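Hi,

Here is the structure I promised to pass on. Have a look at it first, then read on for what turned up.

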Number of protein chains: 2
Amino acid sequence: MVNVAILGFGTVGSGVAEVLTGHENSIARKADGLIRLKYILDVRDFPDSPFAGKFVKDFAVIENDPEVDIVVETIGGAKAALDFTRRALEAGKSVVTSNKELVASHGYELTQLAREKGVCYLFEASVGGGIPIIRPLSQCLAANEILEIYGILNGTTNYILTRMIRTGLTFDAALQEAQDNGYAERDPSADVEGHDACRKICILAAIAFGRHIYPEQVPTQGITGVTLADVDYAESAGKKIKLLGRAIRREDGRVCAYVAPHLVDQSNPLAGVEDVFNGISVRGDAIGDVMFYGRGAGKLPTASAVVADVIDVARNMGSRKALSWEPGGEDTACGTDDLASRWYVRAKASVDGLRAALPDCKLLARRESGGEESACITAQELTRAELEEKLAGLEQHSLIRVLD
Amino acid sequence: MVNVAILGFGTVGSGVAEVLTGHENSIARKADGLIRLKYILDVRDFPDSPFAGKFVKDFAVIENDPEVDIVVETIGGAKAALDFTRRALEAGKSVVTSNKELVASHGYELTQLAREKGVCYLFEASVGGGIPIIRPLSQCLAANEILEIYGILNGTTNYILTRMIRTGLTFDAALQEAQDNGYAERDPSADVEGHDACRKICILAAIAFGRHIYPEQVPTQGITGVTLADVDYAESAGKKIKLLGRAIRREDGRVCAYVAPHLVDQSNPLAGVEDVFNGISVRGDAIGDVMFYGRGAGKLPTASAVVADVIDVARNMGSRKALSWEPGGEDTACGTDDLASRWYVRAKASVDGLRAALPDCKLLARRESGGEESACITAQELTRAELEEKLAGLEQHSLIRVLD
């Protein structure tokens with residue numbers, strides 16, 4: 001029998017308790033033995049919970065109980081969660097988490113600590129909710145050199161963009177609707193400013209490229225600047241605006257990782273990823289492009305990914321080798337300064353003015369376009385600096401990369 | 001160091017040799033040790049191959065060499081491949097394969113044998129080419145009860161259907177084009193009659209539902225009966241015709257598995273899976289729907305999936321537990337007799353005649369539709385027998401299930 005303690009009885013933590021106990025028999029079959037939920041740590045009281053007898057308030061109870069094999073950390077953040085994770089690993093317990101902030105900031109340290117202690121630190125649920133991505137990337141694609149990984153990593157912003165595209169809601173109205181539906185927090189900045197996607201691309205990049213990339217090394221732009229005009233112009237070109245996290249391996253070994261809105265062509269499978277769904281594309285030298293698609297968040301999808309990690313640890317108790325990667329550093333990541341791409345440009349300029357700046361660009365038209373502004377897609381791939389030099393003198397509203 | 005022998009130097013086998021040797025260093029890092037290609041078994045001579053020194057013609061050399069830890073079986077078929085696989089496992093060697101025919105027919109026996117001998121029998125490459133699906137299904141989704149799994153499992157037929165839909169080629173012309181491009185064999189029956197998809201859905205069903213389903217238990221219909229008229233009518237309803245392998249868990253515990261063309265709505269991500277790509281959807285009780293997408297065949301994609309399994313075995317030498325499932329039986333699978341769905345119907349009948357048989361059906365129109373035939377989609381879900389009863393007296397050209 002394997003004993004589990006859950007830290008934090010919030011949305012994901014309570015989902016883990018539900019899945020672990022609700023599927024007890026089939027999980028026992030898959031784990032080659034019973035998995036028992038022994039403790040739940042939370043500062044709050046839950047007298048009416050079916051798990052009432054399992055609650056503890058002091059982490060030391062879990063830390064010092066040699067029967068506890070696996071600690072599920074669903075506290076979130078990088079304070080108590082970091083302290084408890086370190087202590088659990090030090091105590092020889094495996095840790096499973098959905099905490100993307102912690103993995104993105106401290107994943108290197110924690111995987112190393114797990115390796116030293118001969119236990120596991122697993123975090124399938126930290127990216128893409130229940131979508132299998134960490135294990136496929138680290139194991140199934142292990143025979144590939146990964147060239148690039150990019151995707152729609154945040155369901156909240158994808159919901160907002162989908163509503164803007166489908167129903168013509170403004171950003172503010174779509175955000176309000178997302179909040180009303182429980183898809184966005186009251187303080188939506190972690191989502192709409194791209195920080196959530198940034199943490200996830202850091203984790204994916206570490207697995208794909210073997211070096212830690214820190215969130216502060218990743219230029220991050222959210223969707224607050226995307227307007228209905230941009231959505232309309234993009235549509236007229238057969239493209240959709242999507243917030244992408246992206247990490248590209250450069251020939252010099254550095255990783256170019258960033259988060260920004262992109263114009264994605266309708267023929268790309270990611271263009272069809274709508275609402276709160278996530279889609280993650282991986283390009284390997286042997287496999288070509290593969291895509292993973294599903295619900296990127298939510299109580300049960302995320303909990304099911306956490307429990308899959310718990311089953312994996314239980315099944316391979318004492319033998320499974322930890323994921324790990326090299327430490328990061330200043331030479332690991334590069335910004336987007338050198339990254340050339342085609343660009344969508346919307347400027348306060350006449351069609352002639354825009355064409356004067358970008359002679360061979362493809363002009364775009366939208367239903368309500370007036371004489372005050374115009375938009376185009378550049379013919380050539382340009383860095384941002386090269387583009388801005390060409391646009392010097394024009395008042396720009398919007399510069400968005402085109403994904404080719 | 002781990003030593004590998006490849007059986008069969010055809011497309012996949014030679015791809016495995018290429019990937020193993022071409023990525024030697026990065027593979028060694030991931031496998032925690034060097035992986036050496038020691039032997040290649042083939043009846044033919046390859047004097048000019050860079051691997052010329054490694055060829056042997058007698059399997060006993062491999063079987064009796066205690067240094068060989070992993071045998072890669074890329075012979076195909078279920079004769080020599082079965083004999084060699086059994087002998088390799090008996091000799092305590094792990095076996096990795098891309099052979100869907102062997103796994104679909106003998107997977108239960110071979111995984112049991114592997115388990116007894118404490119070695120692995122892995123077959124990630126047997127379904128979906130390089131797309132990670134076996135491991136995500138068995139590990140990442142382990143906390144889910146899988147309710148249904150369905151997908152575009154055969155790239156050849158998907159290429160043919162895509163060409164019919166996009167360019168209006170007839171089935172015969174599209175098949176010819178697929179053959180000219182090397183996407184279809186000279187004898188295309190295993191693909192176009194659905195047998196290849198049948199083997200793959202058997203393997204997926206075994207993993208998802210834990211019981212072996214044999215190919216002969218799976219009603220299998222290919223795409224030879226699909227006409228341009230059907231493609232056009234489907235398009236007029238916003239749907240695409242796709243050949244799906246499908247396995248549904250019924251409440252009585254049996255699995256309803258079959259292969260047949262379906263009308264798939266444009267809003268389903270599978271509708272966007274075109275050309276030789278594959279897409280596999282899995283529905284779990286916690287995760288909801290997830291989809292895996294990528295190249296379902298080809299030398300390097302398939303080889304990369306084989307090598308990922310080799311790395312997995314090497315990394316967990318002596319500790320990894322084998323995949324396994326229960327034996328099949330007559331009570332395991334059920335046909336499609338009880339399976340109700342909406343149907344696309346094309347009949348030699350006037351619109352009025354069709355409406356008389358199916359009063360509330362949705363009539364379809366196509367550009368060139370004449371008075372001789374008409375088509376519709378039923379409003380209700382019907383079994384095939386119920387549908388045929390309603391259509392008694394009408395001469396039918398085509399009955400295709402609608403995926404809802």
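Which strands of chain A does helix H4 lie across? Find residues 80-90 of chain A, which make up that helix, and you'll see that H4(A) lies across strand S1 (2-7), strand S4 (68-73), S5 and S6 of chain A. The helix runs at about 165° to S4(A).

Before going further, please keep in mind that this is a predicted model. Chain A averages a pLDDT of 94, and 98% of the residues score at least 70. For the complex, the predictor gives an ipTM of 0.91 and a pTM of 0.93.

In chain A, six strands make an open sheet in the order S3-S2-S1-S4-S5-S6, and their pairing is parallel. Strand S3 (55-56) and strand S6 (121-122) of chain A are the edge strands, each pairing on one side only. Val95(A) has Tyr121(A) as its bridge partner in S6(A).

Chain B has an open sheet too, with its six strands in the order S3-S2-S1-S4-S5-S6 and parallel pairing. There, strand S1 (residues 2-7) and strand S2 (residues 35-41) of chain B run parallel, with six bridges between them. One residue pair to click on is Asn3(B) and its bridge partner in S2(B), Arg36(B). Helix H1 (residues 11-22) of chain B packs on this sheet and touches S1, S2 and strand S4 (68-73) of chain B. The direction of H1(B) makes about 160° with that of S2(B).

Zooming out, chain A is divided into three pieces: domain 1 (2-129 + 299-315), domain 2 (134-295) and domain 3 (342-403). The C-alpha centres of domain 1 and domain 3 of chain A lie 50 Å apart.

Next, how do the two chains meet? Contacts link 45 residues of chain A with 45 residues of chain B. On the side of chain A that touches chain B, helix H2 (24-31), helix H6 (134-140), strand S11 (288-295) and helix H12 (299-315) each supply at least two residues. The largest share comes from H12(A), with 10 residues. By type, the residues on that side of chain A are 23 nonpolar, 12 polar and 10 charged.

There's also strand pairing between the chains: S11(A) and strand S11 (residues 288-295) of chain B pair in the antiparallel sense over three bridges. Phe292(A) stands opposite Phe292(B) in S11(B).

How are the two copies related? A rotation of 180°, with 0.0 Å of shift along its axis, superposes chain A on chain B with an RMSD of 0.0 Å. The copies are therefore related as by a two-fold rotation axis. Which residue of chain A comes closest to the rotation axis? That's Phe292(A), with its C-alpha at 2.5 Å. The same surface serves both copies, since 100% of the contact residues of chain A recur in chain B.

Cheers

Methods:
Residues numbered from 1 in each chain as written. Chains lettered and ligands numbered in written order. Predicted model: local features only at pLDDT ≥ 70, side-chain atom pairs only at ≥ 80, totals over all residues. Contact = placed C-beta atoms within 7 Å. Helix = DSSP H or I, 4+ residues; strand = E, 2+ residues; numbered from the N terminus. Nonpolar A, V, L, I, M, F, W, Y, C, P; charged D, E, K, R; others polar. Pairing = 2+ DSSP bridges. Domains from an automatic or database assignment. pLDDT = per-residue confidence, 0-100. Least-squares fit on C-alpha atoms with pLDDT ≥ 70 in both. Axes fitted to C-alpha atoms, helices over the stretch in contact; angles between N-to-C directions.
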